[in-house]
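Me: I've got a new structure open and would like a quick tour. Can we start with how charged side chains pair up?

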Amino acid sequence: MKAKGHIAILMANVIFGLGVPVTKALLDEWVTPIGYMASRCVFAAIIFWVVAAFMPKERVERKDLMALLLGGLLGFVISQTLTAEALKYTTPVYYSLVAALTPIAVMILAAVFLKERVSGLKILGVVMGIGGALLMLYFSWTDGAGSDDLLGISLAVLSVLTWAVYLIITRKVSDKYSAVTQMKYFFLISAVVMLPIAMMEPQQKLYSAEWGWSGVLEMAFIVLFATGLGYFLIPYALRFLKATTVSIYTNIQPVVASLVAIAVGQDHLSWDKPVAAVLVLLGAYIVTIPRDQKA
């Protein structure tokens with residue numbers, strides 16, 4: 001049965017990795033960051049509310065509902081808007097490597113605000129991850145392929161920190177309700193917030209007479225696969241695997257995103273990227289090692 005979990009989480013992270021260069025392509029030609037976010041929120045909310053209508057109804061306590069709504073604002077509206085803005089300025093390779101720092105950011109925030117104990121090995125992982133991030137910042141400043149890599153990487157770091165705060169805030173609530181129940185409120189509040197903002201934006205090329213099938217297919221991939229299917233596969237995998245095992249699979253995302261981005265010409269390969277990748281991914285792996293396996 002564990003094989004099903006491994007297949008599910010592998011598929012989810014490959015999809016999320018592919019979503020990074022696809023998002024970059026959408027932002028470069030078809031939509032603004034706000035337009036991208038509004039589209040994703042609205043369509044995802046529709047999907048999860050329709051699916052929820054065919055599932056057993058869960059009653060959500062008021063305090064938990066507030067946590068879910070706050071999670072939607074932090075974990076999607078703010079975090080993903082920062083992600084979209086980051087990809088507007090930097091490349092998928094740099095963004096995906098910064099995103100791989102998420103376990104490190106969660107551990108640091110949990111240590112600071114929740115007073116969770118941090119071992120010496122995990123401190124080493126943090127140092128390695130930060131070292132990889134600093135390497136990216138230096139080379140993006142001197143030889144970046146994006147329009148403003150330094151700004152893009154900075155926005156990506158803020159996105160990761162916001163997402164880490166969301167994970168900590170919703171940690172207890174996530175154990176009480178199904179993924180569908182969580183996501184329907186998660187995307188509902190996101191859509192309610194983003195739609196009025198998007199209406200003040202200029203008309204999106206994707207939704208004008210200049211639309212093209214490439215843009216439609218790219219947005220369909222983001223909504224159906226990178227949002228809908230991806231969010232279903234993760235809780236499915238958690239039925240068979242430990243959370244630490246699932247978190248380790250997130251290291252696949254930057255590898256997939258980087259390979260695809262370089263293959264389609266969104267970035268170029270330079271020596272600093274593999275070195276930064278080794279530091280970041282190894283650091284993230286060390287941080288996710290369970291306590292009973294730590295040195």
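This is a predicted model: local features need pLDDT of at least 70, side-chain atom pairs count only at pLDDT 80 or more; totals for chains, interfaces and linings use all residues.

Me: Where do Lys-24 and Asp-28 sit relative to each other in the helix?

Reply: They are 4 residues apart in helix α1, so about one helical turn separates them.

Me: Is Lys-24 buried or exposed? And Asp-28, buried or exposed?

Reply: Lys-24 counts as buried, because its relative accessibility is 9% and the cut-off for buried is under 20%. Asp-28 has a relative accessible area of 51%, so this residue is exposed.

Me: How many salt bridges are there in the whole structure?

Reply: A search of the whole structure turns up 3. One of them joins Glu-61 to Lys-176, with the closest N and O atoms 3.6 Å apart. That pair links distant parts of the chain, 115 residues apart: Glu-61 is in the loop between α2 and α3, and Lys-176 is in the loop between α8 and α9.

Me: What else does the side chain of Lys-176 meet in a salt bridge?

Reply: Asp-64, at 2.7 Å from N to O. This pair also links distant parts of the chain, since Asp-64 belongs to helix α3 and lies 112 residues away from Lys-176.

Me: OK, let's zoom out. What's the chain built from?

Reply: The chain has 13 helices and 0 strands. Of its 295 residues, 51% are buried. The accessible surface comes to about 14,400 Å², and 70% of that belongs to carbon and sulfur atoms.

Me: And how far along the chain do contacts reach?

Reply: If you take contacts between residues at least 6 apart in sequence, 90% of them join residues at least 24 apart.

Me: Back to helix α1. At what angle do α1 and α3 pack?

Reply: About 75°, with their axes 9 Å apart. The two helices are therefore roughly perpendicular to each other. Val-20, Thr-23, Lys-24 and Leu-27 from α1 meet Ala-84, Leu-87 and Lys-88 from α3.

Me: Tell me about Thr-23. What does it touch?

Reply: Leaving out residues up to four places away in sequence, Thr-23 touches Tyr-36, Leu-87 and Ile-222. Thr-23 counts as buried, with 5% relative accessibility.

Me: New topic: which residues make the nonpolar surface patch?

Reply: Ile-108, Val-112, Phe-113, Leu-114, Ile-130 and Leu-134 make a patch of about 560 Å². Helices α5 and α6 each supply at least two of its residues, and α5 gives the largest share, with 3.

Me: How accessible is Ile-108?

Reply: Ile-108, which lies in helix α5, has a relative accessibility of 33%, so this residue counts as partly exposed.

How values were computed
Residues are numbered from 1 along each chain as its sequence is written. Side-chain values use heavy atoms; hydrogens and water are left out. Patches are made of residues with over 30% relative accessible area and no salt bridge: like charges are joined within 9 Å, nonpolar side chains (Val, Leu, Ile, Met, Phe, Trp, Tyr) within 5 Å. Accessible areas come from the Shrake-Rupley method with a 1.4 Å probe; for residues, only the protein chains shown count as cover. A salt bridge is a side-chain nitrogen of Lys or Arg within 4 Å of a carboxyl oxygen of Asp or Glu. Buried means under 20% relative accessible area, exposed over 50%, partly exposed in between (1.4 Å probe, protein chains only). Axes are lines fitted to C-alpha atoms, for helices over the stretch in contact, and angles run from 0 to 180 degrees between N-to-C directions. Angles under 35 degrees count as roughly parallel, over 145 as roughly antiparallel, 65 to 115 as roughly perpendicular and the rest as oblique. Contact means heavy atoms within 4.5 Å.
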